Amino acid sequence: MSFGDYMLFIVSAILVNNILLAKFLGNCPFLGVSRRMDTATGMSMAVIFVMVMAGMITWLVQYYVLVPLEIEYLQTIAFILVIAALVQLVEIVMAKSLPALYRALGIFLPLITTNCAVLGVAIININEEYDFVDTLIFSFASAVGYSLALVLFAGIRERFMLVKMPKVFEGTAIGLVVAGFLALAFSGFAGLVSH
Amino acid sequence: MLFEALAIGGLGLASALGLGVAAKVFAVEVDPLVEAVEEALPGANCGGCGFAGCASAALAIASGKAAANICVGGGPEVAVAVSAVMGVEVIYREPDVSQVDCTYSTDIAELKFNYDGVQDCRAAVLLAGGPKVCEIGCVGLGSCVKVCPFGAIQIGPDNLPVVDPALCTGCGNCEKVCPKNIIHLTSVTRRILGFNADYNCLAPCQATCPAQIDIPGYIRAIGEGRYEDAVLTIKEHNPLPLVCGRVCPHPCEDQCRRGVTEEPVNINHLKRFAADYEMNSGKRIQPFCMPKNERKVAIVGGGPTGLTCAYYLARLGYAPTIYEAQPHMGGMLRYGIPEYRLPKATLDWEIQGILDLGCEAKTNQVMGRDFTLESLRQEGYEAIYLGVGCWSSRGMRVEGEDLDGVLPGTDMLIDRGNLEDTPVGDRVVIIGGGNTAMDCARTCWRLGAKEVTVLYRRTEKEMPANQIEIEEAKHEGINFHFLAAPTKLLGENGKLTGLEYIKMELGEPDASGRRRPVPIEGSETVLECDNVIAAIGQFPNLAFLEQDAEAKDLAVTKWNTIDANIDAGSTNIPGVFSGGDTVTGAATAVEAIGAGRRAARAMHNFLSGEEIQVPEDWVHGPKELPQITATPDAAPAGNRAKMPELSVAERANSFVEVELGLTEEMAKKETQRCLQCGLYCYRRKGQDYEAWKWERKENA
């Protein structure tokens, strides 16, 4: 692929095929940690980190373990196992060698171990038959797209604290409405990249 | 099948092995202290402390970033357990409780902003005070209700949050989320140590009161029949409500917004009503006190400022001892204010309440004679407050002052304080126009003088005495000679027979803004009399300083007052504080009370080993705040309550108290006249909100 192709690939992963708002993966933390901007940014950093790591390891597992052994149909269970172990491993290593980063990511790191967006990206990587470099780029770009949506959403929800809200819309209800609008807005990017 | 199971099992085993090896290789030593602290915490992960779960809270406590008592969910037992792990001492601290400062809800929020062409309190803030957080006007979002982990906050019937103090743990979540900054953590101790700051929503009366009493607060409490709350509200800033309710010149009433169009609210007599309620109920309403810490503090002077300082130090847990030179406590309240204004029994009852909080009183103890600063320090007093007052009378500086029959003004009042009568003749002349002069005149009349004349060198308008005192004196038949000054005292055989005075006229205004009296040449007149009493000012008697090894270094001003910081009472000697008349010169009881509390606060700082800090933004008076000069649409609520009094015939030859106190019915009615002002707003009559909006639209 040329440089231009890569750019298109990245923009497509961030905006057009946003993992959250176009593929609707990872909605649980999207609603759960978006009440405050600082938790949203913390979560975003952890997602970027874990998604890239998970993308790499699952690609290796797929092509060096599952394919040679001809047990591709055990992909899901193998990926869950590997991602969970990986995140734990990273956490242990990081606590020792990078305590500052460990504290910054805090409780968000174990929180997203079994996040469907992480597993989803790993599986998309395989289904789309990306090579290792594509996998790295796609995982990173998807995670950035996820973070973008999460931070935007948190910004909007913080403002909801300051307005008078009809009782029935309070909390998650208005959150879902706004998520819908955000998804609609993101669908406007569809024309950017032709499939 | 076996193969697949083995493959996945192998993958799992490999992961587990990897994790196991990593855990060994990269093992982080968890501080045993952190583990122990985490053990002691309840593990509820409520987040009330502000940390993400008990584990992070434990880390913060162990590393010293948070205090041992941050756990709000577990209560005091957890704090004790954590403190035991951390090896720190557990000191009792009064729990904080959330308090809603705003008295206006969304329903009426917009109704109250229409004045001076500014429609909105936030705009008014910007115009008048520059950018600051407006404390006015709850917007009724209920964020505080949602964020409270303990369900202690509900939105009340008037759309304002109501805090249940029994459930509130003082975690402060509500304070953090409130967008209008109207809900605050507070405690009695914080309030008594607090200053009225310019960012508070202060009513004009509250901003004026030298003691900074929450006046709208206690008026509201009286109006709702919560008399005990009213007494406790007053006692947060003034330990002498019985006294002040009787003798205070109530500068607050001069600023009352009700006074813009009608007579001001009878604030001071409402205070007296609440205080009398306590006295008449037979049960003392004792305020909250911190546990005793047995640290000794000496207070020199048992007057209003000394009593106040002792009262607040006792409430903060110290053990104050008051040294009083006279045989009884009370200072000028006993020896300067006559019985008919402030009965001694009432004063004694009030003082006993203060002593009951854990203050010791030592009477007949004269500084310089019975003790010195040095001896106090040797006895273990860690801080000393000098509130010795103004006890020396200024002389007239005219010929014949040593004649028999010439009396210094305060001496007679001091004798009356000891329940001794000063013999006076039939004709008495009082020199001076202040409250002391009025007290002397009315006392002489009660002692049996037939003809009492007050000589004042300016006109009635310039008299510094309270208007009510002048009126009462006139009722009692006291004569007034205005624009007259004594020039000579005449006598025969060393006994006073008369006084020569010269007539004056008013000339140019002097530095105080009052027109200076100028003598009219050749207008000397002689007034026959048996006694002359000079009540023309008092100053502190600081002779004791010279005999004291330490105190002789104390800085004294050129007016012979002690040079102390007005806001903190601190002097040039560390640990020695001063306030009241000793610092300001002769002033009012309420100013002495304010100084006493400010000094107690500074002494608390000093004794805690902290720097004495005075908040820069505290409000010294109403002039520092924006003013509202009109009160359109204030709901009319009848005339000012008139204090019932003894008839003049009943007062003669008697020292029975003249003012009888408001009845419960009068007091309740008077509370309705209070506009419950905020900084920029006041309560207006119940106009229909929709109609008002429509009307504004029509007019626009």
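Predicted model: local features only at pLDDT ≥ 70, side-chain atom pairs only at ≥ 80, totals over all residues.
**View 1. The largest nonpolar core has 134 residues.** Ile430(B) and Ala441(B) make the most contacts inside it. A nonpolar core here is a set of buried Ala, Val, Leu, Ile, Met, Phe, Trp, Tyr and Cys residues joined through C-beta atoms within 7 Å. Buried means that 20 or more other C-beta atoms lie within 10 Å of the residue's own (exposed is 12 or fewer, partly exposed in between), with C-beta atoms placed from the backbone. Residues are numbered from 1 along each chain as its sequence is written, and chains are lettered from A and ligands numbered from 1 in the order in which they are written.

**View 2. Here is Ala441(B) with its contacts.** Leaving out residues up to four places away in sequence, Ala441(B) touches Ile430(B), Val452(B), Val454(B), Ala473(B) and Ile478(B). Contact means C-beta atoms, placed from the backbone, within 7 Å.

**View 3. Five strands of chain B form an open sheet with parallel pairing, in the order S10-S18-S11-S12-S13.** Strands (E, at least two residues) and helices (H or I, at least four) are DSSP runs numbered from the N terminus, and two strands pair if DSSP finds at least two bridges between them. Strand S10 (406-408) and strand S13 (479-481) of chain B sit at the edges with a single partner strand each, so one side of each has no neighbour in the sheet. Strand S12 (residues 451-455) of chain B pairs with S13(B) over 3 bridges, and Leu455(B) has His481(B) as its bridge partner.

**View 4. Strand S5 (residues 296-300) of chain B pairs with strand S6 (residues 319-323) of chain B.** The two run parallel, joined by 5 bridges, and Lys296(B) stands opposite Ala319(B). S6(B) also pairs with strand S7 (residues 360-362) of chain B, parallel again, over 3 bridges.

**View 5. In strand S8 (residues 383-386) of chain B, side chains point two ways.** Ala383(B) and Tyr385(B) point one way, Ile384(B) and Leu386(B) the other, and all are buried. S8(B) pairs in parallel with S5(B) over 4 bridges, where Leu386(B) is the bridge partner of Val300(B).

Conventions:
Contact = placed C-beta atoms within 7 Å.
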